[in-house]
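The sequence and structure are shown first.

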Amino acid sequence: MRQYYKLWWILIATLGITFGILGYFGQEIYRSAPPIPNKVVSENGQLLMTKDSILDGQTAWQSVGGMQLGSIWGHGAYQAPDWTADWLHRELMNWLNLAAEETYFQPYDTLTGEQQHSLQYQLKQDYRTNTFDKETDTLVLSPRRIAAIELTADYYDRLFGGSPELQSTRNSYAMKEITLPDEQRRERLTEFFFWTAWAAATERHPDGATYTNNWPHEPLIDNVPTAENIIWSIVSVVVLIAGIGGLVWAWAFLRKEEEEQQAPIKDPLTTFNLTPSQKALGKYLLLVVGLFTFQIFIGGFTAHYTVEGQSFYGINTSQWFPYSLVRTWHIQAALFWIATGFLAAGLFLAPIINGGKDPKYQKLGVDILFWALVVVVVGSFTGNFFAIAQIMPPEWNFWIGHQGYEYVDLGRLWQIGKFTGIVLWLVLMLRGVVPALRQPGDKNLLALLTASIAAIGLFYGAGFFYGERTHLSVMEYWRWWIVHLWVEGFFEVFATTALAFIFCSMGLVSKKMATVASLASASLFMLGGIPGTFHHMYFAGTTTPVMAVGATFSALEVVPLIVLGYEAFEHWRLKQKATWMEKIKWPLLFFVAVAFWNMLGAGVLGFMINPPISLYYIQGLNTTATHAHAALFGVYGFLALGFVILILRYIRPQLMFDDKLMKTAFWWMNGGLVLMLTTSLLPVGILQFIASASNGFWYARSEAFMQSDILQTLRWVRTIGDVVFIVGGLAVTWQVIKGVFYIGATSTYSEQAVYNETPLGQVAMASGTINNGDNTTAESTCCGGCGGEQEK
C-alpha cells in the first residue's frame, strides 16, 4: 500500500491548497461585491429607490425566469438581450439625446463629430465617476441621469407589461405577452436592471475599472478590456502550454509500462446472482431515458423559439409554454437524467463492492430514492410552470417556483428534496462500501471511490449558502460551486474512478494501474478545477485577483484532457482482451465518445472562452452555448447513457443489443451534435463575437443583429442537426425500453446473471478465486468486499 502514499499526499495537498484559494478569494467576493445602496437619491435629496426596492426587483426578475430570459452580467439565456448591457446602452443614448437637446437643441444623431465627442466626454465623466458615499450608504445621481433612467425604465415597463407597440420586439426576444403583469413589480424590476448597469459603468476606484472589470464592452463610456485582463489572458496561455509540456514529459519519463493484465475467461461480474436492489434498477433506467427523451424534444422546441419567438410553426404557444419555461425544463431535465444515470451506476456497484449481496433493506432504500426523485422532478417542473405563468403568489416563488438562476432553477423546497435524495443515495452507497473497507486487502481504489461518493453527496449543499435576496455576486460564487465544482469536478472524479473500478472488477486492468490512474487523474482534475471555478466570475462584480486566479488555474483544467485520446484507445482496446467483452462493446463505445467530447467540448471549446480577453467579448454569446452543449451532453450525457446501457447489460443478462438500433443511436447522436455545433451554434457565436468586438456587447445581443437574415438562416439550419440527434436519442431510448421490458427477447429471462453460460461460474468471495466452469480456477479480480486480489 505504500506505493500509493505519494499519490494520496499529492491529492490531499492539492485539495487543501486549492480549497484554501477558493475560500480565501471567496471572502474577497463578500468584501468587494458592488454595493447595493441603502438609498439612491437625487442631488437635492429626493429618494429614488432603496436597497429593499432593488432587491424586490431582483425577486421580480427571478419570478419571470431570471437567467432563462435574457441574462444579467452575461450569465443566462441568449435569445433576449443581456439586460445589463441593453439597459446601459439605452440609458447612455437617452442621456446623449437629452444632452443634445439641452445643449444644441437638436437630436444627438444630427450633431457634428466634434459636438458628439464633447457630449461623450461629459457622458463618461457622469457615468464612470463613482458617486456612492460609503459612509452614508447613499448613491447620488445627476438630474440628467435621472431623466435618462426614467426614459429607459418606461421602455422596460412597456416591454414587460405587454404594450402593443413592442409586440414585435417581444416576439424577437421570445418573450410572452405581459411577461410581468404587476405594475409595481415591473417598477422594481427596472430598479434592479438599473443597479446591474450602474455597477457595470461605475469605477470601483478613481481612474480604475468598473465593478464588473469594464464589462460589458461599451465604447460610449470607454468600457474596454483592462490591462490586467490582457496580462492574465497571456499568462493563462503560457500556463496552458507549460502544463501540457509538463504532462507530456511526465508521461514520457515517469509513466511505467504495466504488465499486460490477463483477462479472465468469463466476465467476473456475471458470476454471481443479481441482488434485489440491482434488479430494481430497471425503473431508474426508464426514468433516465424518459427524461432524456423529454429533454431532447423540449430542446428542439426551445431552439425553434429562436426563429419564431412566440410560436411553434405558427401555433402561439408562448402564453403557456414560453421560451423561459421550456428552456428551464430543457436544462433541468438534462441535470436530472444525467444525475440519475450516475446514481444508478453507484447503486449497481454497491452490492458488488459488498461481496455480491445487498445490505439489509437496500432494495427498499433504492425504491424510496426512486420515488423521491420522481416527486422532485414533477414538483419542480410544476413549480416552474406556475411561477413563470405568474399564477403563484410572489412570496412563494423562490421556495416552490423558480429561483431564477441557470442550472439551479428549481424552487428551494425541491432543491432541499434533491439534496435529501442525494444524501439518501450516499447512505445507500456507504452501507455497501463501509463493510468492504473493513476487509483485508488493497482498498485504495475503493477509498477514492468512497471519497468521491461522499463529495457528490455533500457538495450539492453549497446551493443553500445563498437565499432569495442574496447579493448577485455572492450568489454567483455559490452557484458555481454547484455548476462547476460539483458537476464538473467531483462528478468527473467519480466517473473516472467508477470506470476504473468496473474495469478492474472485470479483470481487464490491474488494481495497481486502476488505482494509480484514478489518483493521478483526481489530482489533475482538482488542481485546475477547484480554483478554476473563478473563470466564471471575471465580470460578476469581482476584483482583479479573482480574475488572475481563475485565468491561471482554469488553463490547467485543459491539461489532463489532452491525453484522453489515449484513454479512449485504451477503453476501445479492452474489447479485444476477451471474447465476452464483445457483449459490452456499446457501453465501451459510449465511453470512447466521452473521451472525445471531453477533449473537444470541455478542452478546445472550453478554452476558447476561458481567457479573460476572450470571455470579455463572448460571454453570453452562442460561443458559450457551443461549449455547454459539447461538454454537458458530449461528456456527462454520453457517460450517463454509457452507464445506463452497461447496467442494462448486466440486469438483463440474456439481452442481446440490437446492433442496428445501437449504431443508429451512437452515430446519429454524435453526428447530430456535430451538425448542431458546426452549422449553427458556433457560426452564430462567431458572428456575434465580431459584432461584440466591433460595436459593443449590447449590439451582439440586440434585436437588429439577432434578427438579421444570416442569423435567422443559421438558426433554421440547426433543425437538421436537431432532427438527426433526436433520431439517435429515440434509438437509445427504444433499446433501453426493449431491454427493461424484454421486448423482442428470444429466450426466458434467467435470474442467474450469466450470458447463457454455465451456472457453475460462481465467485468464491471468501477465497478470492473464480471457478471458471471447466474445473479450472483463476484468481479473483473483483474489487469488492472480498478484498480483491489477495496480497501474496
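## Largest cavity

Helix H16 supplies the largest share of the lining of the largest cavity, 10 residues. The model is predicted, and this cavity has a volume of about 840 Å³ in it. Besides H16, the elements giving two or more residues to its lining are strand S4 (75–76), helix H17 (511–529), helix H18 (544–558), helix H20 (585–609) and helix H22.

In total 44 residues line the largest cavity, and those nearest its centre are His-484, Glu-488, His-535, His-536 and His-627. By class the lining comprises 22 nonpolar, 16 polar and 6 charged residues.

## Second largest cavity

The structure holds 6 cavities of 30 Å³ or more.

H11 provides the largest share, 4 residues.

## Second largest pocket

The second largest pocket has a volume of about 860 Å³. Its lining numbers 43 residues, with Gly-299, Ala-303, His-330, His-629 and Arg-718 nearest the centre. The lining divides into 27 nonpolar, 12 polar and 4 charged residues.

At least two lining residues come from each of helix H10 (282–308), helix H11 (323–353), helix H22 (622–651), helix H23 (659–695) and helix H26 (709–740). H10 gives the most to this pocket, with 11 residues.

## Nonpolar core

The largest nonpolar core contains 244 residues, and within it Trp-83 and Met-506 touch the most other members. Helix H16, spanning residues 472–505, gives the most to this core, with 24 residues. H16 also supplies 10 residues to the lining of the largest cavity.

## Strand pairing around S1

Strand S1 (residues 39–42) runs antiparallel to strand S2 (residues 47–50), and 3 bridges join the two. Val-41 has Leu-47 in S2 as its bridge partner. The hairpin of S1 and S2 has 4 residues between the strands, and Gly-45 takes a positive phi near 90° there.

S1 also pairs with strand S6 (residues 138–141), to which it runs parallel with 4 bridges. In that pairing Val-40 stands opposite Leu-139 of S6.

Conventions. Residues are numbered from 1 along each chain as its sequence is written. This is a predicted model: local features need pLDDT of at least 70, side-chain atom pairs count only at pLDDT 80 or more; totals for chains, interfaces and linings use all residues. Side-chain values use heavy atoms; hydrogens and water are left out. A nonpolar core is a set of buried Ala, Val, Leu, Ile, Met, Phe, Trp, Tyr and Cys residues joined through side-chain atoms within 4.5 Å. Buried means under 20% relative accessible area, exposed over 50%, partly exposed in between (1.4 Å probe, protein chains only). On a 1 Å grid over the protein atoms alone, a cavity is a set of points where a 1.4 Å probe fits but cannot get out, and a pocket is an open set with protein on both sides within 12 Å along at least five of seven lines; lining residues have an atom within 4 Å of a point. Grid points are joined across faces, edges and corners, and a volume is the space filled by probe spheres set on the points. Ala, Val, Leu, Ile, Met, Phe, Trp, Tyr, Cys and Pro count as nonpolar, Asp, Glu, Lys and Arg as charged, and the others, Gly among them, as polar. Two strands pair if DSSP finds at least two bridges between them.
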